[in-house]
Amino acid sequence: MSAGAVYAALFGSAFLAATIFPAQSEAVLAALLLDGTHPAAILIAVASLGNVLGAVVNWLLGRGIERFKDRPWFPAKGGALTRAQGWYQRYGKWSLLLSWAPFVGDPLTVVAGVMREPFLVFLALVTVAKVGRYLVLAAVVI
């Protein structure tokens, strides 16, 4: 597989993992790091870029999602969206440092959009969290 294809696959898996779709970019990154044929810094950068951009998609979805909350197909049933908003109001923007975490990270980035977190604040905190997670993974793997 060419280097471009490897980086594209890593980017895609990291992007998908940051959205509401279930995916594991950590396994892809770890396998590539263990393979050792591509520079670790580039792999970490590509995975980070994909993961952060996926989180930006979530933030954008959050910006417009409230208008659909009364629709039968809306994924957050009952008061789930209201509870998530209350949680975000309580812990604020700093909770975005958990955007790397399984199960809570992706919904957190959507709620940040719902709560109209300023984009640059969102981007900075999510980038720190996502890059930090991949750096720790790389340190453990190599």
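Reader: Where does Phe-103 lie?

Author: The model is a predicted one. In it, Phe-103 belongs to the loop between helix 4 and helix 5.

Reader: Why is Phe-103 called exposed?

Author: The relative accessible area of Phe-103 is 79%. Exposed requires a value over 50%, and Phe-103 is therefore exposed.

Reader: What can be said of the phi angle of Phe-103?

Author: Phi of Phe-103 is positive, at about 70 degrees, although the residue is not a glycine. Another such case is Arg-116, a residue other than glycine with a positive phi near 60 degrees. Arg-116 is found in the loop between helix 5 and helix 6.

Reader: Why does Arg-116 count as partly exposed?

Author: Its relative accessibility is 45%. Buried means under 20% and exposed means over 50%, with partly exposed in between, so Arg-116 counts as partly exposed.

Reader: Why is Asn-58 given the description buried?

Author: The relative accessible area of Asn-58 is 0%. Since buried means under 20%, Asn-58 is buried. Asn-58 lies in helix 3, and with neighbours within four places in sequence left aside, its contacts are Ala-18, Thr-19, Ile-20, Asp-106, Thr-109 and Val-110.

Reader: What makes the pair Glu-26 and Arg-133 a salt bridge?

Author: The closest N and O atoms of Glu-26 and Arg-133 are 2.9 Å apart. A salt bridge requires a side-chain nitrogen of Lys or Arg within 4 Å of a carboxyl oxygen of Asp or Glu, so the pair qualifies at 2.9 Å. A search of the whole structure finds one salt bridge.

Reader: Which description, buried or partly exposed, applies to Glu-26, and which to Arg-133?

Author: Glu-26 has a relative accessible area of 21%. As buried means under 20%, Glu-26 is partly exposed. Arg-133 has a relative accessibility of 13% and therefore counts as buried.

Reader: How do you know that the span of helix 6 is close to the expected one?

Author: Helix 6 has 23 residues and reaches 32 Å from its first C-alpha to its last, whereas 33 Å is expected at 1.5 Å a residue. Its buried residues include Phe-122, Leu-125, Val-126, Ala-129 and Tyr-134. Among the elements that cover the buried residues of this helix are helix 1, helix 2, helix 3 and helix 5.

Reader: Which residues touch the most other members of the largest nonpolar core?

Author: They are Leu-10, Leu-29, Leu-32, Leu-33, Leu-43, Ala-47 and Tyr-134, in a core of 14 residues. At least two residues of this core come from each of helix 1 (3–18), helix 2 (25–35), helix 3 (40–65) and helix 6 (119–141). Apart from this core lies another, of 11 residues, among them Val-56, Trp-59, Val-111 and Ala-112. In soluble globular proteins, nonpolar side chains tend to be buried together.

Reader: With which residues is Leu-43 in contact, neighbours within four places in sequence left aside?

Author: Leu-43 is in contact with Tyr-7, Leu-10, Leu-29, Leu-32, Leu-33 and His-38.

How values were computed
Residues are numbered from 1 along each chain as its sequence is written. This is a predicted model: local features need pLDDT of at least 70, side-chain atom pairs count only at pLDDT 80 or more; totals for chains, interfaces and linings use all residues. Side-chain values use heavy atoms; hydrogens and water are left out. A nonpolar core is a set of buried Ala, Val, Leu, Ile, Met, Phe, Trp, Tyr and Cys residues joined through side-chain atoms within 4.5 Å. Buried means under 20% relative accessible area, exposed over 50%, partly exposed in between (1.4 Å probe, protein chains only). Helices (H or I, at least four residues) and strands (E, at least two) are DSSP runs, numbered from the N terminus. Contact means heavy atoms within 4.5 Å. The expected span of a helix is 1.5 Å times one less than its number of residues.
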